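Here are my notes, point by point, for you to check against the coordinates. Have the viewer open while you read.

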Amino acid sequence: LGDRMASESPRRPSRCAGGVVVRAQAATEQSYMESVVTFLQDVVPQAYTGAPPTDEKEKIVWVRFEKADINDTSRSPEFLEMHSGSSDPPLCLMIGYADGMQIWSISLGGEAQELFSVRHGPVRAAHILPAPHISPLMIDSFADKRPLLGVCKSTGSSGTSPPYCCVDLYSLRTGEMVKSIQFKTPIYDLHCNREILVVALQEKIAAFDSCTFTKKFFVTSCFPCPGPNLNPIALGGRWLAYAENKLIRCHQSRGGACGDNAQSYTATVISAAKTLKTGLTMVGKVVTQLAGSLPTGAPDEEGATPHSTTRRSPHAPGVITVIDTHNVGEGQVLVSEDSDGEGVVAHFPAHDKPISCMEFNPSGKEMALMSVRHPVDSLRCVRC
């Protein structure tokens, strides 16, 4: 079936439901003599001409099954009609090629129906967006266009933006592009649920409302992971987890990893007491300066200059922050000593190495994460 889908996939512009239909066929294997004949047909002409053999099939770069509303035939009855009224929901298969991607609906009988095809360069990330939760105060501005497909490809809709710097939203009903979200820096991944669309950038996260696709909040304190996933995040039904660039002690929650470099509870309390002492000392000096008994700019008791206490702390790998997307305010989500931690569910050290990937379980209460060092040994499960 895969060979047929690749060979019968012409390079054509974008289109939506109603494309190529591939019938199921029994799998066959070549005999020994057939393999020898195929080898001679491919190699012998090349040896005489010096030209590589031509292959009409497209090369598959990535493939993924997608779970979305498009599998729910009660929401999309037109897709049910494509498969002769079968009551079993079809599988949704997404295939990425060197110059675009396709979406196929595959029935349990093996018949594949092409739903969508876009050919405008490589696709870095793509997701079918679930239908949003509608309330009396929320109106779905794209109700007649759903289901929607979010795509980040090398060439944006405007044609002038840098590669992978925009998210284009396509309607799977009509095939038209209904929205384009532009960024100044490259996009690394897309995540979505029924409330928000999350765009992962380098050391940043931007979240958009799923009804209007206006910006809701953003994060600028992500840890710069060396790869392969440069900004790993996990999105559940309500919670969003990401790798924080440092641990803020006043917001640290219970649990987490306790490695050789992790502070104990007693050490944390002592550190907090020292921080409080330093703060009170600075307040006392300000009051003294205002009273005129101490020259402005005089060195403190440790011999440091007035500006040396404002040094930025270095990045700390392996720190996880989990936020409640329903309770965070609009604008920047900031976890710092000066913030009240609005919407922060958990903030803890999860590993002593940078986190490379993380994922919530179906309940959204437990999360599996993996670091960049020895993936098999560094897999951990965290209960939030």
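**Notes on the strands, rings and one serine**

1. Strand β8 (residues 166-171) pairs with β9 in the antiparallel sense, over five bridges. Pairing here needs at least two DSSP bridges between the strands, and strands are DSSP runs (E, at least two residues; helices are H or I, at least four), numbered from the N terminus. Within this pairing, Val167 has Ile181 of β9 as its bridge partner.

2. Some ground rules: this is a predicted model, where local features need pLDDT of at least 70 and side-chain atom pairs count only at pLDDT 80 or more, while totals for chains, interfaces and linings use all residues. Residues are numbered from 1 along each chain as its sequence is written, and side-chain values use heavy atoms, leaving out hydrogens and water.

3. Zooming out, β8 and β9 belong to an open sheet of four strands in the order β6-β7-β8-β9, with antiparallel pairing. β6 and β9 are the edge strands, each pairing on one side only.

4. Now the rings: a search of the whole structure turns up three aromatic pairs. The criterion is ring centres within 6.5 Å for Phe, Tyr and Trp (its six-membered ring), with planes under 30 degrees apart called stacked, over 60 edge-to-face and the rest tilted. Phe142 and Phe213 have centres 5.3 Å apart and planes at 65°, so they count as edge-to-face. Phe142 is in the loop between β6 (123-129) and β7 (148-153) and Phe213 in the loop between β12 (204-209) and β13 (215-219), so the pair ties together parts 71 residues apart in sequence.

5. Phe183 and Phe208 are another edge-to-face pair, at 6.0 Å centre to centre with 85° between the planes. Phe183 sits in the loop between β9 (177-182) and β10 (187-192), and Phe208 in strand β12, so this pair links parts 25 residues apart in sequence. Phe183 is buried at 14% relative accessibility, and Phe208 is buried at 5%.

6. Last, have a look at Ser221, in the loop between β13 and β14 (233-235). At 10% relative accessibility, Ser221 counts as buried. Its side chain makes a polar contact with the side chain of Glu244 at 2.4 Å; the cut-off is a pair of N or O atoms within 3.5 Å, where, within protein, one must be able to donate a hydrogen and the other to accept it, and residues adjacent in sequence count only if both atoms are side-chain atoms.

Notes. Buried means under 20% relative accessible area, exposed over 50%, partly exposed in between (1.4 Å probe, protein chains only).
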